[in-house]
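Here are my notes for you, written as numbered points. Keep the picture open while you read, and look up each residue as it comes.

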Amino acid sequence: MAAESKATEKQKKKAAADEAPVLSKIAEMPMPDRDMAERLHKIVTTAAPELLPKLWYGQPAYAKSGKVVCFFRSGQGDKVRYSTFGFNEDANLDENDGMWPTSYALSQLSEAGEARIAELVKQAAS
């Protein structure tokens, strides 16, 4: 039992250490991407706490068992007109018809958009 508790504590410390650079990267983003990234971070970590924040290609991402499930790309950082919230192949989003979206363009984030992202993240992490 003590070894299990020690392992859990070690995992929590690693998760906190991995989250710090993500929060720092978000804080560096210009508005409105920073606001969007902050809101997405809260949505993802609330909807699927098992997804752990990490930097992936210099952008915020969320991983399960070390594999990135979803990510945010700053449109301003990429010098394009919209930001992107996307999912990788480890996301559990497959549809029966063999076709499903892997990323979404975001120019703003409405309450309806937040709710849809939370649903997708829950499904992706399942």
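The points below go from the whole chain to single residues.

1. First, some ground rules. This is a predicted model, where local features need pLDDT of at least 70 and side-chain atom pairs count only at pLDDT 80 or more, while totals for chains, interfaces and linings use all residues. Residues are numbered from 1 along each chain as its sequence is written, and side-chain values use heavy atoms, with hydrogens and water left out.

2. Let's begin with the layout. The protein has four helices and five strands, and from the N terminus on they run α-α-β-β-β-α-β-β-α. Both kinds of element are DSSP runs numbered from the N terminus: helices are H or I with at least four residues, strands are E with at least two.

3. How much of the protein is buried? Of its 126 residues, 34% count as buried. Buried means under 20% relative accessible area, exposed means over 50%, and partly exposed is in between (1.4 Å probe, protein chains only). As for contacts (heavy atoms within 4.5 Å), take those between residues at least 6 apart in sequence: 47% of them join residues at least 24 apart.

4. Now find helix α2 (residues 33-47) and helix α4 (residues 111-125), which pack at an angle of about 40° with their axes 9 Å apart. That makes α2 oblique to α4. The axes are lines fitted to C-alpha atoms, for helices over the stretch in contact, and angles run from 0 to 180 degrees between N-to-C directions. Under 35 degrees counts as roughly parallel, over 145 as roughly antiparallel, 65 to 115 as roughly perpendicular, and the rest as oblique.

5. Which residues meet there? From α2 come R39, L40, I43, V44 and A47; from α4 come E114, I117, A118, V121 and K122. By class, this contact has seven nonpolar, no polar and three charged residues. (Ala, Val, Leu, Ile, Met, Phe, Trp, Tyr, Cys and Pro count as nonpolar, Asp, Glu, Lys and Arg as charged, and the others, Gly among them, as polar.)

6. Next, the largest nonpolar core: it has 27 residues, and L40, L51, F85, F87 and V121 have the most contacts inside it. Helices α1 (2-28), α2 and α4 and strands β3 (67-73) and β4 (83-87) each supply at least two residues of this core. Such a core is a set of buried Ala, Val, Leu, Ile, Met, Phe, Trp, Tyr and Cys residues joined through side-chain atoms within 4.5 Å.

7. Zoom in on V121, which lies in helix α4. With 1% relative accessibility, V121 counts as buried. Not counting residues up to four places away in sequence, V121 touches V44, A47, A48, L51, C70, F85 and F87. V121 and A48 are 73 residues apart in sequence, yet 6.6 Å apart in space, C-alpha to C-alpha.

8. Is K64 buried, partly exposed or exposed? K64 sits in strand β2 (residues 59-64) and counts as partly exposed, at 33% relative accessibility. Beyond four places in sequence, K64 is in contact with L51, V69, A125 and S126.

9. Last, some backbone details. M31 and P32 are joined by a cis peptide bond, with omega about 0°, and P32 lies in the loop between α1 and α2. Y57 has a positive phi, near 50°, in a residue other than glycine; Y57 is in the loop between β1 (52-56) and β2 and counts as exposed at 70% relative accessibility.
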